[in-house]
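Student: I would like to learn how to read helix packing, ligand contacts and backbone geometry in a model. Can we go through one together?

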Amino acid sequence: MCGIVAYIGPREAYPILIKGLQRLEYRGYDSAGIALLNGELNLFKTKGKVVELVDYLKDKDLKGNIGIAHTRWATHGEPNQTNAHPHFSQSGKLAIIHNGIIENYGALKKELTKRGYTFTSDTDTEVLVNLIEDICQNEKVSLEEAVRMSLNQVIGAYAIVILSQENPDMLIAARKGSPLVIGIGKDDYFIASDATPIIEYTKNVVYLEDEEVAIIKRGEELQIRNIKNRKKTPYIQELEWNLNELEKGGYDHFMLKEIYEQPRSIKDSMRGRLNARKGIVSLGGVSEYEEKLLKARRIIMIACGTSWHASLVGEYLFEDIARIPVEVEYASEFRYRNPIIDENDIIIAISQSGETADTLAAIKMAKSKGATILGICNVVGSSIPRLTDAGSYTHAGPEIGVASTKAFTAQVTILTLMALRLAQLKGTLPKSRFMQLLHELEHLPAKVEQVLDDKGITEQIAKEFKNTTNFLYLGRGYNFPVALEGALKLKEISYIHAEGYPAAEMKHGPIALIDENMPVVFIAPSKGIYEKVVSNIQEVKARNGKIIAIVTKGDTTVKKMADYIIEIPETEEMLVPILATIPLQKLAYYIAIMRGCNVDQPRNLAKSVTVE
Ligand code: F6R
């Protein structure tokens, strides 16, 4: 949600900032702005995407080797030029960019208004920058001190960077609840909401912790203090991602690239963790917690969106093969419903970004009740892995497309490995069956390649249904979460209304929707309760619904009933979700493209949801 970039050093700041905004645009894209300091503070902002800002800046003087820039996902105030960041303080001497929400901004604004401040925007951010200015002027303290003092008055979440006309060799950055990374170059500093804008300049980064304030001075060492004014030692980490992972690499869209990366990303998720020949599954990150997992009364998986769908697959896996009770919870519900949790519970938090506000809050709540927290995350160094007791990274590589694709299959891969390891420890699977599953898992990336090479069938189906207004997705057992995920993919990028259901639930309501205009996608592999799904297909057929079915290669029964079939290779029942999700990702992609939608940046969405 909202992208922050800032630079201080000997180079021209503008090219670095604008490129950084382009890299971060997946976080928010309703308006963008930039402030550069070159003797005086120059502020430029526009409604719309970064490309519109670039256009607006064509004939402007963009000199300066210090600056801040922002791409916004609106929270307070509609997305327009006035509400776009950066925001000036009343004197025009301070500029701020902000990600997050200042919850007590109303009370602060009232107080500042009494003191003579007026506001041009509807944002909470403008309140914060004026609060800093007010403290600076009235308390006669330095800017660093004023920032620290103001943050002690703030309730809510923030990642901020402040640029001051009177301090041309300094930037101040701070975070609470919203991520902020500082890249340390040879003689310059790069600040951003995540590492993507930084990676081409340096691999050395410091992730700010909550309530830390960084004082970043030209030519000086980075200083960090917390808002209680305690000095902190910066912990410098090395980034693992490469620059080419952040480019489209010849694909039209990041989403398509990421769909096609799945054979590789699934393999990377298993690398060093699975040796089928020797019968070894080991997840180094959680090995110390195996004993606790074995003794756990139950496991609670918490997540949002696509990661919640992966958790549902996890529930089937853990209960099926490791015989441990699992509950799956929306983090946003869990955090507010006073759940019964204690030290016998293990929470597994699942998140691509590692920054989702609701998941973070749910973790903190469960932690305060004594539960052990494990994480499954993709972004190394993000907030969730730093908050959990232990965990496993998915190693899917950066996911830039807003719709999650390869992160989902990587999450399910990790959950499969975890469930297998627990099954091994608990002895809930016969050795021969365990070995069989490991072998099948090892061969899965090659089967994913086969699924991707579908001879144009998903495109053909997309062409047929691109103008439809509703879709139903149905699956049973392991494939019920796949139905949910297929429906989510379609609705978020094509804006077609789509619902996912357990197939048997259809007759309790959704069947009323079926007529000759309703496409119904069935996930109907030959494993599991195949005959039951076939009966559900018949029920749709009898009402003239259009049937698109994902079936196991060689299926003849469903083929006779369906209008379209998409074949996937034969695999174990528990591994079908990984294979079956991929055609649904492609179907959503092609339908969205044919409808002229921006698949990488769908309307109203942002990649990393750092607000409630
Ligand atoms: C859907 C999608 C979202 C995310 C959700 C959780 O394609 O991307 O539903 O899955 O916002 O995000 P993470 O996994 O980063 O916690």
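Student: Which residues in α14 meet which residues in α15?

Tutor: Glu440, Leu441 and Glu442 of α14 meet Leu444, Pro445 and Lys447 of α15, where contact means heavy atoms within 4.5 Å. Helices here are DSSP runs (H or I, at least four residues), strands are E runs of at least two, and both are numbered from the N terminus. This is a predicted model, in which local features need pLDDT of at least 70 and side-chain atom pairs count only at pLDDT 80 or more, while totals for chains, interfaces and linings use all residues. Residues are numbered from 1 along each chain as its sequence is written, and side-chain values use heavy atoms, with hydrogens and water left out.

Student: At what angle do α14 and α15 pack?

Tutor: Two packed helices are described by the angle between their axes and the distance between the axes. Axes are lines fitted to C-alpha atoms, for helices over the stretch in contact, and angles run from 0 to 180 degrees between N-to-C directions. For α14 (residues 431-442) and α15 (residues 444-452) the angle is about 45° and the axes are 5 Å apart. The two helices are therefore oblique to each other; angles under 35 degrees count as roughly parallel, over 145 as roughly antiparallel, 65 to 115 as roughly perpendicular and the rest as oblique.

Student: How are α13 and α14 packed?

Tutor: Their angle is about 160°, with the axes 11 Å apart. That makes α13 roughly antiparallel to α14. From α13 the contact takes Thr416, Leu417, Leu420 and Gln424, and from α14 it takes Phe434, Leu437, Leu438 and Leu441. These residues divide into 6 nonpolar, 2 polar and no charged.

Student: What are the angle and axis distance for α7 and α13?

Tutor: Helix α7 (residues 262-270) packs against α13 (residues 406-426) at about 30°, with axes 9 Å apart. They are therefore roughly parallel to each other. The residues of this contact divide into 5 nonpolar, 5 polar and 2 charged.

Student: Which residues come nearest to the ligand?

Tutor: Of the 15 residues around the ligand (a heavy atom within 4 Å), Ser307, Ser351, Ser353, Thr356 and Glu492 come nearest. A polar contact is a pair of N or O atoms within 3.5 Å; within protein, one must be able to donate a hydrogen and the other to accept it, and residues adjacent in sequence count only if both atoms are side-chain atoms. An oxygen atom of the ligand is 2.4 Å from a side-chain N or O atom of Thr356, and one is 2.6 Å from such an atom of Ser351.

Student: Which residues does a cis peptide bond join?

Tutor: It joins His85 and Pro86, with omega about 0°. Pro86 is in the loop between β4 (66-72) and β5 (87-88).

How values were computed
Ala, Val, Leu, Ile, Met, Phe, Trp, Tyr, Cys and Pro count as nonpolar, Asp, Glu, Lys and Arg as charged, and the others, Gly among them, as polar.
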